Amino acid sequence: MIGTKNDIIKKFNENAMQYDNQRRKLIPCFDDFYSIPVSVIEIENDTPNILDIGAGTGLFSSFIKEKYPKAKITLIDISEKMLESAKNRFKDDPNIDYIIADYTDYKFEEKYDLVISSLSIHHLNDNDKQDLYHKIFSILKEDGIFINADQVLGHTSFIENLYKDDWKNKIEASSLTTEEINAAFDRTKLDKMATLAKQLHWLNESGFKDVDCLYKYFNFVILFGRKS
């Protein structure tokens, strides 16, 4: 069955070397998608403790590091190959830790000023998403924030097809090779997306305050929640 933990590991291990080079072509709103989260993060401590959930190659964390160069960041991902790319990205930074594990059942022992995630949580089923939001709330410090840059399901079948068609048309018009495009389509079989309304509800239900969708481009969204 597509979408198992082993399927996800296999697909992302296979794509680790090409992942960063393809991002701008596979995310039509790339600049907004990564710059907006960074722009709204305000942490008084200039050495914040940050957790990147499903960190992959560390792309999202690299933008955070530009704003908080002294930050201590823990990257957790299920794909060893993706984290190898992250280690190469941050090879000169002693303040980066790496955990190869499934973040849904990993026992975190620290508290964080900020938890971030990018294009990972949509691979979880709905129950696991809800459980994860509760877990993230529990490991945040008071006034800590959670930002999830991810994809959501259209709230009707018509809207979902509109999202899919727009993305398909844009990546087919990009400079990606036919092989890369087909591999991207194949990876979408791992998706278990939920609607925006459900995700906002689950964040509120988990205890987060000031929950909002800060940005939306078709099915690409930036979700925000604060522990208070």
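In which hand, left or right, does helix H6 pass helix H9? The model considered here is a predicted one, and in it H6 passes H9 in a right-handed crossing. The sections below begin with the sheet, then turn to the helices and to some single residues.

## The sheet

Seven strands make up an open sheet of mixed pairing, and their order across the sheet is S3-S2-S1-S4-S5-S7-S6. Strand S3, which spans residues 96-100, and strand S6 stand at the edges with a single partner strand each, so one side of S3 and one side of S6 remain without a neighbour in the sheet. Direction ignored, neighbouring strands of this sheet are turned by 15° against each other on average.

Both kinds of pairing can be followed in detail. Strand S1 (residues 49-53) runs parallel to strand S4 (residues 112-118), and 4 bridges join the two; within this pair, Leu-51 has Val-115 of S4 as its bridge partner. Strand S6 (residues 209-217) and strand S7 (residues 220-226), by contrast, run antiparallel and are joined by 6 bridges, with Lys-216 standing opposite Val-221 in S7. S6 and S7 form a hairpin that leaves 2 residues between the strands, and Phe-218 in this turn has a positive phi of about 55°.

## Helices across the sheet

Helix H6, formed by residues 126-139, lies across S1, S4, S7 and strand S5 (140-151), and its direction makes an angle of about 145° with S5. Helix H9, formed by residues 196-205, lies across S5, S6 and S7, and runs at about 155° to S6.

The axes of H6 and H9 come within 9 Å of each other and cross at roughly 40°. On the H6 side the residues that meet H9 are Asp-126, Lys-129, Gln-130, Tyr-133 and His-134, while on the H9 side Lys-198, Gln-199, Trp-202, Leu-203 and Glu-205 take part. Sorted by class, this contact of H6 with H9 has 4 charged, 3 polar and 3 nonpolar residues.

In helix H2 (residues 19-26), the buried residues are Tyr-19, Gln-22, Arg-23 and Leu-26. These four cover an arc of only 130° around the axis, which means that they lie on the same side of H2. Asn-21 and Arg-24 are exposed, and they are carried on the face of H2 that is turned away from the buried side.

Leu-119 has a positive phi near 55° and lies in the loop between S4 and H6, where Leu-119 is buried at a relative accessible area of 9%. Asp-210 likewise has a positive phi near 55°, but its place is in strand S6; with a relative accessibility of 47%, Asp-210 counts as partly exposed, because this class lies between the buried limit of 20% and the exposed limit of 50%.

Notes:
Residues numbered from 1 in each chain as written. Predicted model: local features only at pLDDT ≥ 70, side-chain atom pairs only at ≥ 80, totals over all residues. Heavy atoms only, no water. Pairing = 2+ DSSP bridges. Axes fitted to C-alpha atoms, helices over the stretch in contact; angles between N-to-C directions. Contact = heavy atoms within 4.5 Å. Buried < 20%, exposed > 50% of the residue type's maximum accessible area, 1.4 Å probe, protein only. Arc of directions from axis to C-beta. Left-handed = near helix turned anticlockwise from the far one by under 90°. Nonpolar A, V, L, I, M, F, W, Y, C, P; charged D, E, K, R; others polar.
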